[in-house]
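Me: I have a structure open and would like to talk through its side-chain packing. Could you take my questions as they come?

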Amino acid sequence: DFCTNRLTQPIIVSDNVEADFESNFLEFCVGDTLELISTSQNANQTLWTIDEELIAESVLLNYELANFGELDILLVALNEGCIDSTYQTVQVYPNPIDEITEEGAMLIATETTSYQWILNGEELDGATEQTYLPLEDGSYSVVITNEYNCSSISEEVFIVNISEENLPLTVLYPNPIIESGLIKFKDIRSRTIKLLDIQGRELKVWNNISTQQLELSLIHI
């Protein structure tokens with residue numbers, strides 16, 4: 001039998017080509033590597049095209065994703081007389097902006113979905129908020145992850161000359177608080193926090209706070 005899709009007039013008999021391939025994922029982040037492998041049947045040549053640009057002639061293809069958006073992948077498989085092709089679209093998501101700003105003693109990461117602060121290359125236990133109060137000298141960075149589960153790590157910020165004398169007992173951010181804010185403590189121990197108005201009247205009490213930070217909400221007070 002002659003192949004269904006042929007390159008020329010049927011002057012030779014060839015096995016029919018069936019183009020197919022596998023990829024490691026269908027969704028990626030910028031900087032990931034797209035791994036493609038041809039599983040085509042009866043092909044002795046495979047051509048990879050991405051966004052209508054011929055990328056390679058090979059069975060395997062590793063392609064670094066430099067930009068976000070949709071990528072159109074076309075595999076063309078052929079032998080001496082037959083040709084077939086198959087098509088797939090993959091989605092590439094952007095990475096979050098990975099910046100740290102300093103406000104007083106506080107380090108603040110770019111707003112996104114989740115955070116992990118790092119000191120001297122090691123993850124800090126429980127340091128998973130947008131802000132962090134450095135408690136010792138060292139090199140600080142933060143891994144941030146966006147809603148697409150794409151992550152990036154910031155440049156390092158070097159903090160020096162922290163001492164018990166110049167380290168504040170607490171840090172309030174923002175100051176003043178309008179609707180919500182964060183209190184950071186320099187140590188972890190049980191404490192009671194009272195919120196007072198400018199006349200000294202007690203508005204709210206938090207008992208047995210034993211974490212390094214307390215989130216405040218003034219909306220329903």
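Me: Let's start with phenylalanine 21, is it buried or exposed?

Reply: Bearing in mind that this is a predicted model, phenylalanine 21 is buried, because its relative accessible area is 8%, which falls under the 20% cut-off.

Me: Which residue does phenylalanine 21 form an aromatic pair with?

Reply: Phenylalanine 21 pairs with tryptophan 48 in an edge-to-face arrangement, with 5.3 Å centre to centre and 80 degrees between the planes. Tryptophan 48 counts as buried, since its relative accessibility is 0%.

Me: How many aromatic pairs turn up in the whole structure?

Reply: The search of the whole structure finds five aromatic pairs. One of them is the edge-to-face pair of phenylalanine 21 and tryptophan 48.

Me: What about tyrosine 93 and tyrosine 148, are they stacked or edge-to-face?

Reply: Tyrosine 93 and tyrosine 148 are stacked, at 4.4 Å centre to centre and with 10 degrees between the planes. Because tyrosine 93 belongs to strand E8 (residues 83–93) and tyrosine 148 to the loop between E14 and strand E15 (151–153), this pair ties together parts that are 55 residues apart in sequence. Tyrosine 148 counts as partly exposed, because its relative accessibility is 38%.

Me: Changing topic, which residues touch the most other members in the largest nonpolar core?

Reply: That core has 14 residues, and those touching the most other members are Leu107, Trp117, Leu124, Tyr140 and Val142. The elements that give two or more residues to this core are strand E10 (106–109), strand E11 (114–119), E14 and strand E16 (157–159). A second, separate core of 13 residues includes Ile50, Leu61, Leu75 and Val92.

Me: Which aromatic cluster does Trp117 form part of?

Reply: Trp117 forms one aromatic cluster with Tyr132 and Tyr140.

Me: And what does valine 142 touch, leaving out residues up to four places away in sequence?

Reply: With those sequence neighbours left out, valine 142 touches Ile100, Ala109, Tyr115, Gln116, Trp117, Ser152, Ile153 and Ser154.

Me: Last one: is threonine 145 buried or exposed?

Reply: Threonine 145, which lies in strand E14 (residues 138–145), counts as buried because its relative accessibility is 13%. Leaving out residues up to four places away in sequence, threonine 145 touches Pro96, Thr112, Thr113, Ser114, Cys150 and Ser151.

Conventions:
Residues are numbered from 1 along each chain as its sequence is written. This is a predicted model: local features need pLDDT of at least 70, side-chain atom pairs count only at pLDDT 80 or more; totals for chains, interfaces and linings use all residues. Side-chain values use heavy atoms; hydrogens and water are left out. Helices (H or I, at least four residues) and strands (E, at least two) are DSSP runs, numbered from the N terminus. Buried means under 20% relative accessible area, exposed over 50%, partly exposed in between (1.4 Å probe, protein chains only). Contact means heavy atoms within 4.5 Å. A nonpolar core is a set of buried Ala, Val, Leu, Ile, Met, Phe, Trp, Tyr and Cys residues joined through side-chain atoms within 4.5 Å. Rings of Phe, Tyr and Trp (its six-membered ring) pair if their centres lie within 6.5 Å; planes under 30 degrees apart count as stacked, over 60 as edge-to-face and the rest as tilted.
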